[in-house]
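Okay, everyone, thanks for coming. Let me put the model up on the screen and we'll walk through it together.

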Amino acid sequence: MSARYEGRTGEDPGAAAARLTGRRVSGQRPPSGGPAHVVLDGGQVVMVKRGSDPGATRAEAAGLLWLAEADAVRIPAVLGHDAHWLVTEQVPTGAPSARAAARFGRGLAALHAAGAPAFGAPPPGGPEDAYIGLAPMRNTPGPDWPRWYAEHRVLPYLRRAVDEGTLRPTEAPVIERVCELLPDLSGPTEPPARLHGDLWNGNVLWGADGQAWLIDPAAHGGHRETDLAMLHLFGCPHLRDILDAYHQTTPLADGWPDRIGLHQLFPLLVHAVLFGRGYAEQALAAARSALAA
């Protein structure tokens with residue numbers, strides 16, 4: 001077993017799954033760059049993920065439970081977790097379809113409508129210092145979305161991108177200007193929504209049951225247009241069907257397409273820090289587009 005799957009206790013995914021579920025393990029499938037597949041006694045296959053940090057495991061488990069509580073979108077069940085390991089049910093995958101996409105759009109609208117105590121509020125039991133993918137993400141509650149989004153999402157990663165040389169100091173003012181104007185650019189005031197928080201295509205699983213399932217959340221209270229902007233960022237099968245069903249269930253505020261770039265600023269800056277200059281250029285383009293809208 002790869003050493004990167006072993007915790008300080010020396011456990012491998014099979015041993016962790018047995019301990020956390022209280023069930024015997026009958027087999028393991030070698031990991032291929034993601035969670036390990038472990039077969040429990042009786043044939044059930046579960047996903048076993050080793051947290052990069054104790055806070056990451058706690059945040060993901062809390063996020064999955066919070067999203068599932070809304071009973072709106074399919075979420076893999078959390079079967080066990082501790083400071084190092086997370087065990088969830090495996091989702092047998094199928095093919096995307098327009099019907100599943102429309103069902104997902106309606107469910108996503110209901111998930112957002114389930115709400116959150118505040119912008120930036122972490123899921124119950126989740127840490128403030130959480131993650132979006134491998135990147136730190138602080139869930140500090142704030143009273144209004146524009147100020148919170150600037151202070152706790154955009155500006156920390158803008159500063160980091162400049163400090164690490166991914167974004168030039170002379171380029172930062174255009175994004176800082178967007179942050180200054182956020183109260184005017186962000187559209188009508190909305191209550192905090194219950195967000196998945198990292199809703200790119202890779203975190204939407206098209207299940208064999210004809211449903212779309214959500215995995216790997218960076219859940220928090222936020223603006224519902226943020227999740228929709230993430231779906232746009234890297235593309236998603238049947239996106240038009242998702243959006244049409246969403247809008248029919250809970251209409252979006254006028255002008256929301258013009259705000260997509262605004263909501264993409266944070267994930268683009270995160271990607272700039274993690275993956276380089278190309279994403280910094282996309283962030284700058286999104287900022288200029290937001291200012292021109």
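So, this is a predicted model. Let's start with helix α1, residues 13–21, which lies across β1, β2, β3, β4 and β5. Against β5, α1 runs at about 75 degrees. Then there's α2, which also packs on the sheet. It touches β3, β4 and β5, and its direction makes about 25 degrees with that of β5.

Now, what order do the strands of that sheet come in? It's an open sheet of five, going β1-β2-β3-β5-β4, with antiparallel pairing. At the edges you've got β1 (25–29) and β4 (78–81), each pairing on one side only. From one strand to the next, the twist averages 25 degrees. If you zoom in on β1 and β2 (residues 36–40), four bridges join them, and Gln28 stands opposite Val38 in β2.

Okay, pockets. How much space lies in the largest pocket? About 1300 Å³. Its lining has 49 residues, and nearest the centre you'll find Lys49, Glu60, Gly133, Asn203 and Asp216. Some of our sheet neighbourhood comes back here: β3, α2 and β5 each supply at least two lining residues, and so do β6 (129–132) and α8 (260–275). By class, that lining is 27 nonpolar, 15 polar and seven charged.

The second largest pocket holds about 170 Å³. Helix α3, residues 98–113, gives the largest share of its lining, with three residues. Among the residues lining this second pocket are Arg74, Ile75, Phe104 and Gln211.

How values were computed: Residues are numbered from 1 along each chain as its sequence is written. This is a predicted model: local features need pLDDT of at least 70, side-chain atom pairs count only at pLDDT 80 or more; totals for chains, interfaces and linings use all residues. Side-chain values use heavy atoms; hydrogens and water are left out. On a 1 Å grid over the protein atoms alone, a cavity is a set of points where a 1.4 Å probe fits but cannot get out, and a pocket is an open set with protein on both sides within 12 Å along at least five of seven lines; lining residues have an atom within 4 Å of a point. Grid points are joined across faces, edges and corners, and a volume is the space filled by probe spheres set on the points. Ala, Val, Leu, Ile, Met, Phe, Trp, Tyr, Cys and Pro count as nonpolar, Asp, Glu, Lys and Arg as charged, and the others, Gly among them, as polar. Two strands pair if DSSP finds at least two bridges between them. Axes are lines fitted to C-alpha atoms, for helices over the stretch in contact, and angles run from 0 to 180 degrees between N-to-C directions. Contact means heavy atoms within 4.5 Å.
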